[in-house]
2 protein chains.
Amino acid sequence: MKEAEALVEVWRGELLESSHLGHAVVCDSTGAIVEAWGDPDRIIYPRSSAKMIQGLPLVESGAADAAGLTTEHLALACASHQGAPEHTERVERWLSDLGMTDADLRCGEEFPRDEETGHAMIRAHGQPCQWHNNCSGKHSGFLTLNRHLGGGTEYVEIDHPVQKAAREAFEEVTGMDSPCYGIDGCAAPNFATSVHGLARAMARFAAAGQGGGGRDAAAARLRDAMMAHPSLVAGEGRACTELMRALDGRGALKTGAEGVFVGILPELGMGLALKIADGATRASECALAAILVRLGVLDRNHPATIKRMNPPIPNRRGMTTGEIRPAPALV
Amino acid sequence: MKEAEALVEVWRGELLESSHLGHAVVCDSTGAIVEAWGDPDRIIYPRSSAKMIQGLPLVESGAADAAGLTTEHLALACASHQGAPEHTERVERWLSDLGMTDADLRCGEEFPRDEETGHAMIRAHGQPCQWHNNCSGKHSGFLTLNRHLGGGTEYVEIDHPVQKAAREAFEEVTGMDSPCYGIDGCAAPNFATSVHGLARAMARFAAAGQGGGGRDAAAARLRDAMMAHPSLVAGEGRACTELMRALDGRGALKTGAEGVFVGILPELGMGLALKIADGATRASECALAAILVRLGVLDRNHPATIKRMNPPIPNRRGMTTGEIRPAPALV
């Protein structure tokens with residue numbers, strides 16, 4: 001088993017204060033590794049980076065079309081949104097169109113990450129709903145698929161038809177059996193795979209829509225929906241949103257908890273997956289930006305790039321005390 | 001240079017999802033290493049874990065007594081507090097007693113970490129003051145020393161008498177020259193040392209008060225003030241506060257940003273310092289608790305211990321999905 005490799009450095013003054021190790025794979029649509037760091041075979045949970053995979057059955061089953069879902073719905077199905085009105089109002093309407101309510105969700109309540117929404121909630125002495133949960137779009141997709149399949153209400157259980165469909169799609173696009181699963185923050189099963197397996201799946205999404213069958217068409221629609229609606233996939237100020245805008249149609253990106261990030265790069269026909277071993281988001285964002293620059297698809301000097309690849313570390317008087325930067329292996 | 005060693009594991013279901021490497025040293029009052037993990041000689045910034053060292057000149061100069069400071073003031077001088085009324089009201093009064101105001105501080109404004117205080121501020125559309133800054137007690141100590149020394153107003157500058165005194169004390173108790181310094185989040189210089197050097201300093205604090213001179217007496221007073229007022233050193237719900245209460249007089253503890261924790265253990269005459277290489281607080285708290293249990297000073301079954309050493313990882317429906325636990329090397 002290869003060791004994790006230094007991917008990101010945190011400097012303060014002249015000293016390397018902290019460092020982040022990890023694993024990353026870029027592969028082409030044949031599954032061949034173009035470049036890798038750390039251990040490509042390391043088994044990880046993709047967490048929310050797998051949402052577009054979990055969305056495949058929704059589209060390829062015909063459930064999405066039967067429910068009249070638009071590209072906005074599909075982008076939300078792939079999202080870890082921050083609970084701003086642009087997200088929650090659409091999810092609320094989606095549930096209403098299904099004849100359902102917040103109570104039909106099984107993701108649990110989550111305080112919205114969007115600051116304005118959160119502050120308004122505190123001022124009103126309010127409580128978050130399940131639709132504020134960053135995964136409420138994915139769960140609305142599960143509910144839409146479930147109505148189509150006629151399954152029971154507990155759609156997050158591992159043997160439920162919705163999750164069986166998710167697992168089948170996951171194992172097929174990653175190209176390997178999933179060795180185990182964990183329960184995600186939103187209560188849905190999250191299937192484990194290797195970093196290479198996750199990158200293979202992303203390469204499949206990258207190459208999709210070039211004459212493939214139902215699954216390929218579904219992958220292309222989900223990928224294109226993400227690229228068409230960057231703010232629905234995360235929200236204003238967030239890495240997924242800002243970096244997808246900076247890519248300007250050259251890629252779809254998705255973060256996952258515990259230091260995961262994936263990229264779908266249609267122009268290159270490549271997929272990318274990375275995992276920071278310690279789970280830090282500051283490092284997954286930096287490593288992602290660095291690899292996208294290295295691959296030539298992201299502008300090194302774009303403000304959204306600099307914000308992730310070389311963010312200054314300010315003190316509370318606004319002075320810069322250091323910076324986060326990619327380790328030499330990534331530049 | 002020895003590598004960082006696995007100290008903390010993050011499990012979800014059957015899979016080790018993330019892991020944290022680090023360095024840790026326990027040493028006795030002669031400076032001899034009792035036990036170590038990773039690289040004892042790794043140079044680190046102690047960050048806020050050095051506050052009791054930065055407080056030494058305040059006490060040994062006579063400035064603290066001249067200003068009539070109590071053990072509460074001394075605990076606040078060593079604190080990273082969360083801006084609750086118990087902290088800010090005392091700091092406000094301290095400044096007032098010095099004939100000073102918030103404007104004399106040089107730490108910058110920080111939003112209070114105490115939830116009730118923060119929510120009240122949001123509801124009032126208010127803004128934090130400098131005294132809400134977690135370091136405002138340390139800075140009030142700097143101002144008190146500065147009045148005694150007659151230095152200029154910019155007391156955080158590296159060549160200011162207050163910082164020269166801090167450096168001299170730091171290098172003496174760590175037993176080595178500081179190779180460099182960085183600017184901390186509160187704008188004060190933070191002197192680098194080795195993990196071993198920081199542990200040596202803590203052992204010095206542990207053994208202090210047994211017939212030593214002015215510096216030893218100052219160290220004993222600061223240590224005892226921390227142990228006498230655990231909630232002033234951090235706040236309700238925080239690791240320093242809850243674990244010091246659980247130690248029940250057997251130790252003083254202090255966290256530092258970027259994964260640092262130190263322990264002063266007078267009963268054992270030992271000092272402890274640890275640094276998580278990636279900077280994660282969840283890991284520094286877990287490793288600290290595990291080492292204190294290993295040393296026999298912390299009750300393995302105390303709720304405050306379990307909360308740090310084996311915290312469950314819940315999902316947003318309140319189900320346990322995994323846990324954080326010490327790596328085998330620590331148990």
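The legends below describe close-up views of a predicted model.

**Figure 1. Packing of helices α5 and α7 in chain B.** Helix α5 of chain B spans residues 85-97 and helix α7 of chain B spans residues 136-149; their axes come within 10 Å and cross at roughly 10 degrees. With the limit set at 35 degrees, α5(B) and α7(B) are therefore roughly parallel to each other. On the α5(B) side, the contact is formed by B:Val91, B:Trp94, B:Leu95 and B:Asp97. On the α7(B) side, B:Ser136, B:Gly137, B:Ser140, B:Gly141, B:Leu143, B:Thr144 and B:Arg147 take part. Sorted by class, the residues of this contact are four nonpolar, five polar and two charged.

**Figure 2. Packing of helices α5 and α7 in chain A.** In chain A, the axes of helix α5 (residues 85-97) and α7(A) come within 10 Å and cross at roughly 10 degrees. That angle makes α5(A) roughly parallel to α7(A). Helix α5(A) contributes A:Val91, A:Trp94, A:Leu95 and A:Asp97 to the contact. The residues contributed by α7(A) are A:Ser136, A:Gly137, A:Ser140, A:Gly141, A:Leu143, A:Thr144 and A:Arg147. Four nonpolar, five polar and two charged residues make up the contact of α5(A) with α7(A).

**Figure 3. Crossing of helices α7 and α8 in chain A.** The axes of helix α7 (residues 136-149) and helix α8 (residues 161-174) of chain A come within 9 Å and cross at roughly 110 degrees. Angles of 65 to 115 degrees count as roughly perpendicular, and α7(A) and α8(A) therefore stand roughly perpendicular to each other. A:Phe142, A:Leu145, A:Asn146 and A:Leu149 of α7(A) meet A:Pro161, A:Val162 and A:Gln163 of α8(A). This contact comprises five nonpolar and two polar residues, with no charged residues.

**Figure 4. The largest nonpolar core and the surroundings of A:Leu56.** The largest nonpolar core contains 100 residues. Those with the most contacts inside this core are A:Met52, A:Ile53, A:Leu56, A:Ile291 and A:Leu292. Helix α13 of chain A (residues 281-294) supplies the largest share of the core, nine residues. A second, separate core has 99 residues, including B:Met52, B:Val91, B:Leu143 and B:Met202. Apart from its neighbours within four places in sequence, A:Leu56 is in contact with A:Ala169, A:Val173, A:Phe205, A:Arg215, A:Ala218, A:Ala219 and A:Leu222. In soluble globular proteins, nonpolar side chains tend to be buried together.

**Figure 5. A:Val293 and its contacts.** A:Val293 is located in helix α13 of chain A. When residues up to four places away in sequence are not counted, A:Val293 touches A:Leu298, A:Arg300, A:Thr305 and A:Met309. A:Leu330 lies 37 residues from A:Val293 along the chain, and the C-alpha atoms of these two residues are separated by 9.5 Å.

Figure 6. A:Arg47, a residue other than glycine, has a positive phi near 50 degrees. The loop between β4 (43-44) and α1 (51-54) of chain A holds A:Arg47. This arginine counts as buried, with 6% relative accessibility. A:Ala187 is likewise not a glycine, and its phi is positive, at about 80 degrees. It belongs to the loop between β5 (181-183) and β6 (189-191) of chain A. The relative accessibility of A:Ala187 is 3%, and this residue counts as buried.

**Figure 7. A:Pro230 in helix α11.** A:Pro230 is part of helix α11 of chain A, residues 230-233. It is buried, having a relative accessible area of 12%. Residues up to four places away in sequence aside, A:Pro230 touches A:Gly235, A:Thr241, A:Met244 and A:Arg245. A:Met319 is 89 residues from A:Pro230 in sequence, and the two are 32 Å apart in space, C-alpha to C-alpha.

Conventions:
Residues numbered from 1 in each chain as written. Chains lettered and ligands numbered in written order. Predicted model: local features only at pLDDT ≥ 70, side-chain atom pairs only at ≥ 80, totals over all residues. Heavy atoms only, no water. Core = buried A, V, L, I, M, F, W, Y, C linked by side-chain atoms within 4.5 Å. Buried < 20%, exposed > 50% of the residue type's maximum accessible area, 1.4 Å probe, protein only. Helix = DSSP H or I, 4+ residues; strand = E, 2+ residues; numbered from the N terminus. Contact = heavy atoms within 4.5 Å. Axes fitted to C-alpha atoms, helices over the stretch in contact; angles between N-to-C directions. Parallel < 35°, antiparallel > 145°, perpendicular 65-115°, else oblique. Nonpolar A, V, L, I, M, F, W, Y, C, P; charged D, E, K, R; others polar.
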